[in-house]
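Trainee: I've got a multi-chain model open and I'd like to learn how to read it. Can we walk through it together?

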Amino acid sequence: MVTNPLTKNIDMSRPPLDLNAYEAASGYQSLHKIAAGLSSDDVLQQVKDSGLKGRGGAGFPTGLKWSFVPRGEGSPKQKYLVVNADEMEPGTFKDRLLMEGDPHLLIEGMIVAAYAIGASVAYIFLRGEYVVAERALRKAIAEAKEKGYLGRDILGTGFDLEIILHTSAGRYICGEETALLNALEGKRANPRAKPPFPQVSGLWGKPTIVNNVETLCNLPGIIGYGNEWYHSLTKGKDHGTKLFGVSGKVKNPGCWELPLGTPIRELLEVRAGGMQDGVQLRGFLPGGGSTDFMLPEHLDLNLDYEEIGSVGSRLATGTMIILDDKTCPVGMVGNLMTFFSHESCGFCTPCRDGLPWVDQIFKDLEAGKGKESDLQVLLDHVDYMGPGKTFCALAPGATAPLGSGLKYFEDDFRRHISEGKCPYGN
Amino acid sequence: MAKIIVDGVEYEVDSDNNLLQECLSHGLDLPYFCWHPCMGSVGACRQCAVKQYKDADDEKGMLVMSCMTPATDGAIISIKDQQAVQMRERVIESLMTNHPHDCPVCEEGGECHLQDMTLMSGHNYRRYDKKKRTHRNQYLGPFISHEMNRCIACYRCVRYYDDYAGGTDLAAMASHNHVYFGRHQEGTLESEFSGNLVEVCPTGVFTDKVFSQRYSRKWDLQAAPSVCTGCAVGCNTTPGERYGELRRVVNRYNSEVNGYFLCDRGRFGFGYVNSAERLKVPVRQGDGQQEELDANEAHQLVQRLDGKIIGIGSPRASNESNFALRNLVGDDNFYAGVSAKQHAANQLILELHRDAAFHVPSVREIESCDAVLVLGEDVTNVAPRIALALRQSVRNKAKELAESANIPQWQDAAVRELAQEDRSPLAIFSNYASRLDDVASDTVVAGNQKLVKLGSAIAAELAGESASAGLDEAERELIGRVAQQLSSARRPLIVAGSSARSMELIKVGANIARALGKRSGNVIDFALLLPEVNSLGLSLLVQKDKDLSAALGVMESGAAKHCIVLENDLYRRAATSEVDAAIAGVDSLIVIDQLATPTSAKADIVLPATAFSEHEATYVNYEGRAQLSYQVHRNHSAARPAWRWLCENPAQQVEELVDRCAESVSAFKGIASLLPDLNSMIAGMRVPRQSHRYSGRTAMKAHVNVHEPKQAVDSDSVMSFSMEGIPASKDATVLGASWAPGWNSNQSISKFQDEINGKLKQEHCGELLLKDKQASGDFFNVTADQSDANNGLEVLPAYQIFGSDELSAHAPAIRERMTDAYLSLSPQDAEQLGLKHGQGAGIAGTDYVAIVCIREKIQPGTVAVYCGTEINPHDLPERIVLNANADIAERGIRGLIVSDLLEESY
Amino acid sequence: MSEMIATSGVRPRQLTPEEIAEIEHEMTLYPDKKAVGLEALKIVQKHQGWVSDESLLAISRYLDIPAADLEGVATFFNLVYRQPVGKKVILFCRSVSCWIMGCESVRAAIREKLGIDYGETTADDEYTLIPVPCLGDCDNAPVMMVDEDLHRRLTPEKIDAIVAAYKDANDQGKGA
């Protein structure tokens with residue numbers, strides 16, 4: 001059986017498989033099952049039972065999310081599926097691989113999801129800079145339409161689906177699902193209050209599911225091969241495989257599909273080839289820029305939502321950013337703060353006005369103008385911009401590397417102040 | 001009733017509200033910025049954080065934003081919790097990183113919500129030592145100044161301006177801490193309600209430009225509760241005076257009338273009070289000579305007139321002045337100072353008021369109507385505050401949808417998102433495109449004949465009669481749709497009135513409302529709009545047949561020896577030639593007014609009158625609501641309230657006059673209840689017009705005399721020209737500028753409300769004079785006015801919020817927004833007549849010239865004429881012929897904001 | 001929408017038939033016009049290089065979206081240019097992985113080679129340098145995009161070659 005359902009067709013040295021080749025590689029099986037009579041309730045149940053969790057960062061169970069969409073008689077006719085393909089989390093480069101490498105997998109996943117929730121229109125909200133992915137997706141969508149896998153009354157099921165590719169104009173906050181919906185509606189991409197959740201009132205006020213690219217790419221396998229197979233993939237508590245990436249000063253940076261529960265050490269030392277010569281591992285962000293630092297002592301933990309959570313961090317996107325001992329941790333956190341501060345949408349106070357202050361302090365620290373009192377301001381902001389205090393998860397995301405950086409690398413912060421310069425020569 | 005516990009104390013709450021609103025309703029101090037009582041919650045500022053506990057055993061609790069958390073039964077929260085306190089302080093600290101330290105030079109200082117909340121939060125030391133971001137400001141027109149550096153990005157301005165008031169030219173721009181609230185490019189804010197930004201903005205980003213030019217702190221203003229005299233809605237205001245000058249007008253909360261908002265005419269139209277053109281002394285004039293009269297001599301002169309005197313009253317004068325004139329000249333000699341047509345319309349409207357089938361709704365009630373038909377009224381330009389209310393009425397659909405989706409009404413963004421463009425029906429049948437068309441479900445722009453025809457068809461449809469005669473298919477569909485919307489509504493509303501100058505249209509409105517009532521068995525909301533502040537009050541004082549034509553006839557015939565004209569320019573009310581002839585027919589013409597007019601120019605005696613802020617008086621608004629407006633400041637010239645010229649006692653007290661009016665005119669019997677009883681005041685102490693912080697009183701006249709003059713004594717009212725007395729603290733009986741400890745801004749109003757958005761404690765919302773209903777009448781037999789369709793174009797009256805009102809048109813700020821007289825024409829007619837947009841056109845048979853304004857939606861064969869200050873509308877025949885004329889008046893129509901111009905005027 | 005009372009006198013320009021055709025196509029994909037606003041801005045930018053006031057007003061008029069709202073959207077998104085940009089736009093990733101891998105030295109090389117830093121355009125209007133959040137190619141850091149071309153594993157030395165290659169292509173294009 002297949003053990004790498006997400007990447008089995010991907011070979012970046014050639015163009016992605018076209019529809020026929022994809023189908024020859026047992027693609028669109030899930031669609032054929034639907035055509036053969038699999039009901040949308042069955043699909044929903046199967047996805048619930050699969051234990052699939054969202055791969056965009058938050059890790060919310062996908063089937064449960066879908067189940068909040070009103071179903072049956074009396075529910076709104078128009079529903080939407082929206083693909084969050086606005087990959088912009090610092091250090092994250094997994095969805096790009098899926099879209100550039102195997103666009104039909106995403107389309108098949110979208111068909112499954114749209115069928116399950118009863119959406120007849122699906123938007124792919126694609127990051128504007130992903131021009132290669134855009135071309136690949138446009139071609140694949142055209143092929144699927146041509147073949148009758150998209151459009152009206154797909155394969156005689158009575159199920160209609162139109163996929164519309166929307167390219168964004170660059171804004172990290174669009175990764176937040178409700179901000180994304182506002183952007184799709186042509187508005188400023190400020191996030192919306194929840195509740196009401198998009199499942200009830202989403203795009204244009206209609207029930208809407210927003211799923212990440214990788215999440216949807218899990219669906220063809222789940223429906224095609226079944227849950228028994230899907231449950232056999234994992235090495236840990238969470239189900240399925242996941243894309244994991246490593247960037248930073250390692251010998252072989254890259255992105256691989258591994259079973260959940262794979263030890264971190266295997267990812268870093270076997271897949272990524274370990275640290276480059278001359279540098280040592282100092283710490284790492286396990287799942288993109290909004291996760292807490294982990295330390296070398298955590299290498300033997302497994303890549304599992306719960307296990308990573310047990311040391312105060314999050315698996316999130318599963319793309320790891322490596323901090324080595326020759327790189328300034330203050331500079332690294334400062335870089336992230338510049339990013340978050342710039343990408344704040346400007347709606348709520350702690351994020352809009354807190355992050356620039358934090359960012360400015362980092363700039364002062366790097367310039368050797370830091371003060372002892374700045375550290376207290378930073379600590380205060382970790383609390384002030386934390387979960388529940390801001391309107392959305394952007395600023396709390398920023399506090400993850402900030403708070404853990406202050407905790408683990410306090411000496412480095414102090415040296416910037418006492419030495420009046422960056423000890424790493426930045 | 002649900003209960004919540006706040007810091008250990010139990011409160012009864014409405015669980016449909018959020019925690020913030022309930023806390024404020026119970027008088028608790030909890031700071032906030034982005035929440036607004038009228039606009040609900042969006043959760044942007046994070047200022048109102050409180051600690052919420054799961055249950056009595058939960059000791060840890062969780063921070064929540066009280067504005068975004070429902071006040072569910074059993075909720076346990078703490079405002080005083082240390083973490084919550086710290087969060088709120090940090091939010092202020094954040095906001096202060098970019099807010100400048102410019103309170104001393106900021107117009108908001110002293111009534112700044114940000115100042116109040118900063119103090120309340122405890123933030124008092126600035127740790128931020130980095131550079132502040134700065135913005136460029138924009139020119140936003142004559143009303144509003146812009147200072148973006150003060151912005152704390154609460155998003156209230158755009159939520160008010162765009163979402164609430166329907167403006168399109170103010171938006172949030174850029175992002176992160178560069179967010180900017182402004183126009184796409186510099187220019188005048190287009191909304192007729194832009195002035196509310198001054199009060200909606202919690203700090204000094206949007207400030208009152210007119211006030212800035214002659215600025216004073218709030219605490220240094222002498223203020224009193226007043227009523228706007230700009231139109232017949234009667235919004236409640238608080239004018240503020242300093243050094244004998246009226247400095248500004250701000251909103252005064254009245255739960256039934258204006259709520260939290262005014263229109264820009266009301267806010268910025270007071271400037272004439274300070275005008276150098278004000279009449280200051282009584283004069284005798286004639287043969288190009290003027291002679292000043294001693295005031296007492298002038299008073300005696302009026303009192304001792306011999307022979308038959310007739311009096312011409314005024315819809316812009318108070319009940320008391322009109323009543324005093326009526327008393328002086330006698331009931332039979334008292335005439336309405338409005339045209340025959342207007343008077344007839346007013347009388348018809350009065351009749352409909354008394355009809356048991358109808359209810360004339362308050363502004364608040366209009367907001368709750370869920371299907372509206374507007375017949376022939378340009379509401380935005382005639383009764384602007386009602387237009388803002390109609391804009392809210394279309395949102396009832398959204399509220400209904402939200403309710404069924406279990407989204408609380410206060411979740412403002414979520415409710416809007418859910419409803420999208422789904423609105424309650426608003427059908428507008430008008431003479432020209434209106435400023436509410438953007439939220440209308442159907443619009444018909446046509447001449448009165450067609451509007452009458454369509455309206456009659458709706459009435460017929462609702463009455464179950466055949467309605468299709470003479471209608472094409474599209475019209476039949478329209479009629480069916482509107483009839484269906486009205487009949488299926490929970491609370492339908494018909495809006496009609498006198499502005500289209502068509503009695504038939506009012507009758508059609510009545511027929512529709514009556515048909516609706518007969519179907520449902522309900523009393524139907526029927527808003528009848530009138531043009532001026534006291535149109536209705538005047539009508540109640542005048543006999544049915546005593547219109548201006550009758551008065552002019554009496555004058556011309558020589559039957560009257562003297563004529564007293566009260567606060568009125570007859571050349572705005574009747575044809576020039578008729579007025580000329582009438583004036584020539586009397587021995588003496590006595591004019592009492594605030595400003596010189598073409599009528600006063602012809603007078604033998606001119607007596608100066610005080611303006612609205614200089615005397616206490618009552619007015620009756622469009623719904624028959626009598627309201628008391630207090631004197632704010634003294635007039636230091638020889639001007640007197642008109643009634644003091646007219647009553648025998650030159651020191652006549654207004655309250656006694658009110659009582660007399662209540663006794664002698666049955667319709668006014670309720671009016672005496674408007675007067676607060678001095679005996680009910682604490683220890684008989686008066687209510688001060690000056691705040692307890694009023695400064696510089698002893699030095700005010702120091703440039704004249706270093707001795708502090710004795711404070712003037714106000715014998716007229718329960719208010720004093722002083723700081724001494726018992727100010728309104730939690731008693732809103734006589735509430736001018738609201739203030740409560742820790743709450744210096746207008747947000748302090750919540751301390752005076754029963755509950756948020758509720759009635760003021762002890763408030764007098766005014767007295768409805770027309771409560772007594774008579775039996776329900778019959779359907780009117782309506783026939784469309786017939787006129788000769790072969791000759792010229794049908795004249796339809798057009799109105800402008802800035803310019804159509806006589807007195808506010810003298811305010812400098814308003815003048816900057818006025819246009820010249822214009823003629824709105826269809827493209828077809830313009831082409832046929834060889835007229836070009838922006839050109840002048842002469843009106844045949846007159847000397848008048850007006851600017852051609854070509855508008856897509858005008859019905860061919862009609863011309864909507866805005867007369868401005870140049871044209872006497874009564875000089876125009878019902879149909880006019882236009883000639884191309886190159887003369888263009890000075891202002892042009894650049895400031896005209898309408899949706900259907902074919903060419904731009906800039 | 002009402003008429004603007006404008007003081008600057010900026011007037012909408014005429015949209016080109018190509019722009020209109022593309023905007024019309026987008027209008028078939030969304031249930032309301034407002035959603036097409038951002039798409040229209042991108043379309044105009046594709047054709048004009050940037051979004052001028054005249055273009056913004058033209059879109060506002062065409063889609064009946066208030067200019068202020070459209071400006072609010074245009075200024076919200078990083079990739080809508082409200083100022084003129086060079087013929088080529090360098091989207092330079094300055095996010096964390098690229099930073100760790102030395103993007104600052106590449107930035108310095110660009111500054112030296114082209115004389116521009118973030119937000120600046122070369123004197124010959126050839127290049128504009130714009131910093132962007134993570135380009136999602138972190139295993140190839142540092143990276144940048146020049147128009148639609150992604151350049152990976154950058155070093156200061158590579159900048160010379162990249163600029164030279166564009167110059168050659170440009171010269172050839174002119175010759176042809």
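Predicted model: local features only at pLDDT ≥ 70, side-chain atom pairs only at ≥ 80, totals over all residues.

Trainee: Now a helix. Which residues of helix 16 of chain A are buried?

Mentor: A general idea to start: an α-helix has 3.6 residues a turn, so residues three or four places apart point the same way. Here the buried ones are Asp374(A), Leu378(A), His381(A), Val382(A) and Tyr384(A). Their cover includes helix 15 (349-366) and helix 17 (394-408) of chain A, along with helix 2 (82-96) of chain B.

Trainee: And the sheet in chain A: in what order do the strands run?

Mentor: The order is 3-2-1-4, an open sheet of 4 strands with parallel pairing. Strand 3 (162-167) and strand 4 (208-212) of chain A each have a single partner strand, so one side of each lacks a neighbour in the sheet. On average, neighbouring strands are turned by 20° against each other, direction ignored.

Trainee: What packs on that sheet?

Mentor: Helix 6 (residues 103-117) of chain A does, touching strand 1, strand 2 (121-126), strand 3 and strand 4 of chain A. Helix 7 (residues 131-147) of chain A packs there too, touching strand 2 and strand 3 of chain A; its direction makes about 165° with that of strand 3 of chain A.

Note on methods. Residues numbered from 1 in each chain as written. Chains lettered and ligands numbered in written order. Buried ≥ 20, exposed ≤ 12 C-beta atoms within 10 Å, placed from the backbone. Helix = DSSP H or I, 4+ residues; strand = E, 2+ residues; numbered from the N terminus. Contact = placed C-beta atoms within 7 Å. Pairing = 2+ DSSP bridges. Axes fitted to C-alpha atoms, helices over the stretch in contact; angles between N-to-C directions.
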